[in-house]
There are 2 protein chains.
Amino acid sequence: MLSQKTRYAIRAMQHLADKYGQGPIPLTDIAETQNIPAKFLTVILSELSRYGIVASQRGKDGGYWLGVPPIDITYGDLIRVMRGSLALVPCASRFAHETCKNCVEEKDCRTRALMLQVRDATANLLDGMRLSDRIDPVPAAEGLEAVEDL
Amino acid sequence: MLSQKTRYAIRAMQHLADKYGQGPIPLTDIAETQNIPAKFLTVILSELSRYGIVASQRGKDGGYWLGVPPIDITYGDLIRVMRGSLALVPCASRFAHETCKNCVEEKDCRTRALMLQVRDATANLLDGMRLSDRIDPVPAAEGLEAVEDL
DNA sequence: GTATTCTCTATCTCAAAAGTTGACAATGGG
DNA sequence: CCCATTGTCAACTTTTGAGATAGAGAATAC
């Protein structure tokens, strides 16, 4: 699962992408329309601006905007920045590899072999989706099937 | 990321799959070879046996074995049982759908639309991989590239 | 009956996630 | 120059859930 912070970051960035080229967007504007605790959002936006994908200006009429055109920011980038990795296990991360604790030898680990495949499939998708993409929300009904017994 | 518990469950099930048809496997056998804290493993195996995918017998020569042939257990099943969902956000789960906290209306949420696609891709992969599959571990070197700057 | 092995509920510990506080710095307008 | 506005940053608190353990109990084999 993505952390709440990562989800906030994604929505904030989508908001900034929607308003790209419209000058600085104040934090409270993002916080209110995106339903994100304002103070917490400052932490998130500061983090993103340290990576250069968000720019900011202080003072009157200040605010935030994308430091990079929306077409150059993929959802894969965003998740990696916030979470460090797209992988489901630390040892299957391409850019933030770590050995898993209490595991078997990595060279013998079948779980890892599987999770590398999952990571690649996920990365293929997310690295092809950009903040500039027009995305049609899916009606809420979809995804509401009954719980399967297994 | 998968929880440690889910990873333990996967390795334990692989272990049982390897020894399928060889009678009850004692917990300590699994715990030792798979490097899983024994007491914690009891919790995991009890949970799995409540779902029927693991069977057990108490007393001398007791132990655990797969309640279902390894070809009938997919990795997707396993992860759903342990974690409830393959999705990256609660609202994108097919079998354990929940609305996300502090989010926008689900029908307007673009993040959800994306994550539904990711869930489907992940499910396609994991539901096609079975405990009976022969899986070749990937040498540890792969996945050790330098960290990208973004 | 005794050693073995699983069962179950309760509990503990601890790190990370989520969120807040408050002092500070830049900017623009009067 | 002063003041309102808006971002910056480090420290801190709170909450949550994961991970792990404890311990009494029940089945089974010998």
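**Contacts, cavities and charged pairs**

Modeller: A polar backbone atom of Gln4(B) lies 2.7 Å from a phosphate oxygen of DNA strand D. Please bear in mind that this is a predicted model.

Colleague: Which other residues have a polar atom close to a phosphate oxygen of DNA strand D?

Modeller: Two can be named here. For Tyr64(A), the polar atom belongs to the side chain, and the distance to a phosphate oxygen of DNA strand D is 2.9 Å. The surface near this strand draws two or more residues from each of these elements: strand 1 (54-57) and strand 2 (63-66) of chain A, and helix 1 (4-18) and helix 3 (38-50) of chain B.

Colleague: How many residues are around DNA strand D, and which come nearest?

Modeller: There are 24 residues around DNA strand D, and Leu27(A), Ser56(A), Tyr64(A), Gln4(B) and Lys39(B) come nearest. Of the atoms of DNA strand D that come within 4 Å of the protein, 71% belong to sugar and phosphate. By class, the residues of this surface are eight nonpolar, ten polar and six charged.

Colleague: And what about DNA strand C: which residues come nearest there?

Modeller: DNA strand C has 23 residues around it, and the nearest are Gln4(A), Lys39(A), Leu27(B), Ser56(B) and Tyr64(B). Sugar and phosphate make up 73% of the atoms of DNA strand C that come within 4 Å of the protein. Here the surface divides into eight nonpolar, nine polar and six charged residues.

Colleague: Let us change topic. How many cavities of 30 Å³ or more does the structure hold?

Modeller: The structure holds four such cavities. The largest cavity contains about 90 Å³ of space. The lining of the largest cavity includes Arg83(A), Leu86(A) and Thr122(A), together with Arg83(B), Leu86(B) and Thr122(B). Helix 5 (110-126) of chain A and helix 5 (110-126) of chain B each supply at least two residues of that lining. Its residues are six nonpolar, two polar and two charged.

Colleague: What lines the second largest cavity?

Modeller: Arg7(A) and Arg11(A) line it, along with Val89(B), Cys91(B), Cys100(B), Cys103(B), Cys109(B) and Thr111(B). The volume of the second largest cavity is about 50 Å³. Five of its lining residues are nonpolar, one is polar and two are charged.

Colleague: Now the charged residues. Is Arg119(A) buried or exposed?

Modeller: Arg119(A) counts as buried, because its relative accessibility is 4%, under the 20% limit. Arg119(A) is placed in helix 5 of chain A. Its side chain makes a polar contact of 2.6 Å with the side chain of Asp120(A).

Colleague: How many salt bridges are there over all chains?

Modeller: The search finds 20 salt bridges. In one of them, Asp29(A) pairs with Lys19(A), and the closest N and O atoms are 3.5 Å apart. Asp29(A) lies in helix 2 (residues 27-34) of chain A and Lys19(A) in the loop between helix 1 and helix 2, so the pair ties together parts ten residues apart in sequence.

Colleague: Which parts of chain B does the pair Asp120(B) and Arg94(B) link?

Modeller: Asp120(B) forms a salt bridge with Arg94(B), with the closest N and O atoms 3.4 Å apart. The pair links distant parts of the chain: Asp120(B) is in helix 5 of chain B, and Arg94(B) is in the loop between helix 4 (75-83) and helix 5, 26 residues apart. Asp120(B) is partly exposed, at 32% relative accessible area, and Arg94(B) is partly exposed too, at 29%.

Colleague: Which residues are linked in a network of salt bridges?

Modeller: Asp77(A), Arg80(A) and Asp127(A) are linked in such a network.

Methods: Residues are numbered from 1 along each chain as its sequence is written. Chains are lettered from A and ligands numbered from 1 in the order in which they are written. This is a predicted model: local features need pLDDT of at least 70, side-chain atom pairs count only at pLDDT 80 or more; totals for chains, interfaces and linings use all residues. Side-chain values use heavy atoms; hydrogens and water are left out. A residue is near a molecule or strand if one of its heavy atoms lies within 4 Å of it. Ala, Val, Leu, Ile, Met, Phe, Trp, Tyr, Cys and Pro count as nonpolar, Asp, Glu, Lys and Arg as charged, and the others, Gly among them, as polar. On a 1 Å grid over the protein atoms alone, a cavity is a set of points where a 1.4 Å probe fits but cannot get out, and a pocket is an open set with protein on both sides within 12 Å along at least five of seven lines; lining residues have an atom within 4 Å of a point. Grid points are joined across faces, edges and corners, and a volume is the space filled by probe spheres set on the points. Helices (H or I, at least four residues) and strands (E, at least two) are DSSP runs, numbered from the N terminus. Buried means under 20% relative accessible area, exposed over 50%, partly exposed in between (1.4 Å probe, protein chains only). A polar contact is a pair of N or O atoms within 3.5 Å; within protein, one must be able to donate a hydrogen and the other to accept it, and residues adjacent in sequence count only if both atoms are side-chain atoms. A salt bridge is a side-chain nitrogen of Lys or Arg within 4 Å of a carboxyl oxygen of Asp or Glu.
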